[in-house]
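Hi,

Here is the structure I promised to pass on. Have a look through it first, and my notes follow below.

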Amino acid sequence: MPPLALSSLLQSELPWLSSDGRAVLHSLVCSNGRVGSAQALCRQLGLRNRFQLNRLLRREGLPSYEELSGWVCVFYWMLEADAGVGRGALLALARQTPMETASSYRLVRRVTSHSWKDLRRAGTARVLRWFRERVHLAGDRPGAPRPVARASAGTNGTPTAAGQRWVKSRSHRVTLDGGPYGIAVRGDDFAYVTLGHGASLAHLDLAKGCITGVTSVGCTPTCVRFDESGHRAYVTVQYCDAIAVLDAVQHTAVRSFPLSGQPFPLLIARNTLFVTTNTDRLWALNPENGRVMGSLPLPATSHHLALHPDGDRLYVATRAGGSVLEVDAIRMRVLRTFALGGWTQGLVVSPDGTLLYVANEQHQLDVVHLSSGRRVATVDDERGAVALALSPDGRLLYTGHAREGTVGVIDTASLTHQGTLVTGGRPGQIAFAGAGHAVITNEAGWIDILPLGKLEVVAA
């Protein structure tokens, strides 16, 4: 997620921005202004080319891509300097970007027409006023409503991958640009995959082992879920502050629910759509019209949710809060808090509802007995896991280690480590196609499909 302080700082100065304008800002803030190129930003926003990007920026009252990215970078350095990082020296701050020292000094001078020493002497508040003046000069009518620039649903905004012939008894790899991360499987033969850098959903045909199409949904889609019927899907479109609703039969976006705070994980239960945002809050929405039915403050931002098999309890991992909350899914109140330490991430409840498995980004995998609320076991071999998924038969746990490029496999009966899948790249979410195959997304540009329990993937 974009750094909240920097994102909030800039958004407060630009209250008129539409969802597209906020998407541009969030994308730049997330990389501290160093996206790489205008074309890379276009891919992330779902735009065709830099000309379309420039028109969008003019409508939003924003300067050109080069200047705007420079301002974002400058404000990132200003906030870091205010916090005492590198004692406020640009030499130390530029190394975090990363950028050559000489280039950083030139960028500050080019964007602000002042030296870094002048900026530090003036202070962040005054530099913000300079930025506001520059933005207003760049805009047509900053206070006026602005048209939304969005690629139409169903367009091929992301290259599709032609699948090789897939022998289902073997592992198979589907290459896919756009940073595939989130996944939702319907039945045995179809899945939606979110493309965080492609502004779209990919259609994965699990029977043929290939991508058959894409649907544009907006900037940085992250998580996706089908409703019980499988006819609708819901996607958190993170940088547009919205949840996209799709007709999962025609593969078209039918509407969007606005939800400020960059929504991330979501799930559906009891005709309620649960989602968390980086404003540290859990929301309950009506899945038909997006009406807010309730909300709950969280001790920290959550990236993972899980539902009890009975459907009446929700589990919320608080990551930096080091805990898991047990929430009454009907009354939206906290029932218990499991203080586990570290950074709690992926969650899975056993099929019989007795055990809660919790991946932890900073230490081992924890097992909590839900009747007593106590941690009853740990799996030390799975230190640092982020994603977590349980096979349909409840026999195997898959743990995704994004930093190491591996996926661990655990036997739930003995809680022993069965082996490691060396996927490479950055494994994202894990799902299962029927009872026979695991499907693992990878932000490095592919999807691995392999028979359940198999410990080999196709070589890159």
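**Overall shape and what lies inside**

A compact globule of 460 residues would have a radius of gyration near 23 Å, and the chain has 23 Å, so the two agree. Please keep in mind that this is a predicted model. Along the principal axes, the C-alpha atoms fill a box of roughly 65 × 45 × 45 Å. The chain holds nine helices and 28 strands, and 58% of its 460 residues count as buried. Its exposed surface comes to about 18,800 Å², with carbon and sulfur atoms supplying 48% of that. Of the contacts with a separation of 6 or more, 47% are between residues 24 or more positions apart.

The largest nonpolar core has 63 residues, and Leu53, Phe75, Trp77, Trp116 and Tyr192 touch the most other members. Helix H5 (residues 65-82) gives this core its largest share, 11 residues. Another core, of 16 residues, lies apart from it and includes Val174, Leu176, Ala431 and Ile447. Leaving out residues up to four places away in sequence, Trp77 touches Leu90, Leu93, Ala94, Thr97, Met99, Ser104, Leu107, Val108 and Trp116.

Four strands form an open sheet in the order E18-E19-E20-E21, paired antiparallel. Strands E18 (344-349) and E21 (374-379) stand at the edges with a single partner strand each, so one side of each has no neighbour in the sheet. From one strand to the next, the twist averages 25°. Between E19 (residues 355-360) and E20 (residues 365-369) there are four bridges, and Leu355 stands opposite His369 in E20.

Best wishes

Technical notes. Residues are numbered from 1 along each chain as its sequence is written. This is a predicted model: local features need pLDDT of at least 70, side-chain atom pairs count only at pLDDT 80 or more; totals for chains, interfaces and linings use all residues. Side-chain values use heavy atoms; hydrogens and water are left out. A nonpolar core is a set of buried Ala, Val, Leu, Ile, Met, Phe, Trp, Tyr and Cys residues joined through side-chain atoms within 4.5 Å. Buried means under 20% relative accessible area, exposed over 50%, partly exposed in between (1.4 Å probe, protein chains only). Helices (H or I, at least four residues) and strands (E, at least two) are DSSP runs, numbered from the N terminus. Contact means heavy atoms within 4.5 Å. Two strands pair if DSSP finds at least two bridges between them. Axes are lines fitted to C-alpha atoms, for helices over the stretch in contact, and angles run from 0 to 180 degrees between N-to-C directions. The radius of gyration is taken over C-alpha atoms; the globule rule is 2.2 Å times the number of residues to the power 0.38. Accessible areas come from the Shrake-Rupley method with a 1.4 Å probe; for residues, only the protein chains shown count as cover.
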